[in-house]
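Reader: I have a model open and would like to learn how to read its features. Could you walk me through them?

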Amino acid sequence: MTHKETVKRNIGLTFDFVNYLIDNQTEIEKLPSGFTLEFIKKDSSKLQHNHSIREIRPEPVT
């Protein structure tokens, strides 16, 4: 898959995810603040699956 195809796929998946959240608003409350969403190929055996969700915290303003 080319880079352009990957980007187009990820954009499509992002819109699908947002539409899912619109239809299932109770799921939004379950998402951690500042979470990162990664799309990985389901059939790719070469990818390492990291099942943890990283929380991104904004740096304090001084």
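Predicted model: local features only at pLDDT ≥ 70, side-chain atom pairs only at ≥ 80, totals over all residues.

Reader: Let us begin with the fold. How many helices and strands does the protein chain have?

Author: The count is one helix and zero strands. That helix, H1, covers residues 3–23.

Reader: And how much of the protein chain is buried?

Author: Here a residue is called buried when its relative accessible area is under 20%. In this case, buried residues account for 3% of the 62 residues in the protein chain. The chain exposes about 6,100 Å², with carbon and sulfur atoms supplying 55% of that area.

Reader: Which residues form a nonpolar patch on the surface?

Author: For a patch, each member needs over 30% relative accessible area, and nonpolar side chains are joined within 5 Å. Val7, Ile11 and Phe15 make up such a patch here, and together they have about 280 Å² of accessible area. Take valine 7, which belongs to helix H1: because its relative accessible area is 35%, it counts as partly exposed and passes the 30% cut-off for a patch.

Reader: Now for charges. How many salt bridges does a search of the whole structure find?

Author: The idea is a side-chain nitrogen of Lys or Arg within 4 Å of a carboxyl oxygen of Asp or Glu. The search of the whole structure gives one salt bridge. Its partners are glutamate 27 and lysine 30, whose closest N and O atoms are 3.1 Å apart.

Reader: Are those two partners buried, partly exposed or exposed?

Author: Glutamate 27 is partly exposed, at a relative accessible area of 25%, whereas lysine 30 is exposed, at 60%.

Reader: What is phenylalanine 39 in contact with, leaving aside its neighbours within four places in sequence?

Author: Contact here means heavy atoms within 4.5 Å. With neighbours within four places in sequence left aside, phenylalanine 39 touches Arg9, Asn10, Leu13 and Thr14. Phenylalanine 39 lies in the segment after H1, and its C-alpha atom is 7.8 Å from that of leucine 13, 26 residues away along the chain. Phenylalanine 39 is partly exposed, with a relative accessible area of 28%.

Methods:
Residues numbered from 1 in each chain as written. Heavy atoms only, no water. Patch = residues over 30% accessible without salt bridge, like charges linked within 9 Å, V, L, I, M, F, W, Y side chains within 5 Å. Areas by Shrake-Rupley, 256 points an atom, 1.4 Å probe, with all protein chains shown as cover. Helix = DSSP H or I, 4+ residues; strand = E, 2+ residues; numbered from the N terminus. Buried < 20%, exposed > 50% of the residue type's maximum accessible area, 1.4 Å probe, protein only.
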